Amino acid sequence: MKRIRIDNTDIFLDDLGDGKGKITISNTYGYNFSYYWGCMGCSLTEFLLKINSDYFIRKLTPNPEVYCPVKTAKSVRRHVREDLSYELPWYKHMEFQKGLREWIKGIEDTSTEYEFVDYCYNILNDYRIDIYSVDRQDRSDVESLLKSVFETEPWYFIEKTDSGEAVFLSKLFVKLKNELKK
């Protein structure tokens, strides 16, 4: 077993022979990872030098990406502005659209994908969405539009970003490869 220390992180490389190996990463900040490869075709060191950081990250962490409410709100805003510009022109139903913009801003306060989806399912019950400020002849069309966009498939809007674990592992992998090349 080979031990490598990088910053406050201990990395244990256990080359088991016959193309098998295990890596264990232990960090003082609470990041702890381990993975076993049963068929690498080479030594563990050679294998680690061949693989890329995305593969390394995906093997060591179950959550390489996490929900990003800011990017999700931006995705919804873009959809309303670009894809719904015909159905909801910017100059029509101004009071309603002001409330819709406030509702979109509220997406940034959601903390999980499931909370976002629930938030979308309840769009017509939100106090900021004043459907009665829309002209009577257009009201049912706007209501149907909101339901079709936000209650049918809100998962489409969800955006993700790299998790803290993924960022940590990405930086560590670069340093580990440099150590292994020595």
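In which loop does His 93 lie? His 93 is found in the loop between α3 and α4, helices and strands being DSSP runs numbered from the N terminus (helices H or I, at least four residues; strands E, at least two). The structure is a predicted model, in which local features need pLDDT of at least 70 and side-chain atom pairs count only at pLDDT 80 or more, whereas totals for chains, interfaces and linings use all residues. Residues are numbered from 1 along each chain as its sequence is written, and side-chain values use heavy atoms, with hydrogens and water left out.

Most residues other than glycine have a negative phi. His 93, which is not a glycine, has a positive phi of about 55°. His 93 counts as buried at 10% relative accessibility, where buried means under 20% relative accessible area, exposed over 50% and partly exposed in between (1.4 Å probe, protein chains only). A positive phi, near 55°, is also found at Asp 7, a residue of the loop between β1 (2-6) and β2 (9-17). Asp 7 is exposed, with a relative accessible area of 55%.

The largest pocket has a volume of about 230 Å³. On a 1 Å grid over the protein atoms alone, a pocket is an open set of points where a 1.4 Å probe fits, with protein on both sides within 12 Å along at least five of seven lines; lining residues have an atom within 4 Å of a point. Grid points are joined across faces, edges and corners, and the volume is the space filled by probe spheres set on the points. Helices α3 (69-83) and α4 (94-106) each supply at least two lining residues, and the largest share, four residues, comes from α4. The lining includes Arg 77, Trp 90, Gln 97 and Ile 104. By class it comprises six nonpolar, two polar and three charged residues, with Ala, Val, Leu, Ile, Met, Phe, Trp, Tyr, Cys and Pro counted as nonpolar, Asp, Glu, Lys and Arg as charged, and the others, Gly among them, as polar.

In helix α2 (residues 53-60), Phe 56, Ile 57 and Leu 60 are buried. Seen down the axis of α2, these buried residues fall within an arc of 95°, so they line one face of the helix; the arc is that of the directions from the helix axis to the C-beta atoms. Asp 54 and Arg 58, on the other side of α2, are exposed. The buried residues of α2 pack against β3 (20-27), β4 (32-37), α1 (44-50) and α7 (164-181), contact meaning heavy atoms within 4.5 Å.

Asn 52 lies in the loop between α1 and α2 and is partly exposed, at 46% relative accessibility. At the start of α2, a side-chain oxygen of Asn 52 reaches to within 3.2 Å of the backbone nitrogen of Asp 54. A polar atom of the Asn 52 side chain also lies 2.8 Å from the backbone nitrogen of Tyr 55. Polar contacts are pairs of N or O atoms within 3.5 Å; within protein, one must be able to donate a hydrogen and the other to accept it, and residues adjacent in sequence count only if both atoms are side-chain atoms.

Ser 75, in helix α3, is buried, with a relative accessible area of 7%. The side chain of Ser 75 reaches the backbone oxygen of Phe 157 at 3.3 Å.
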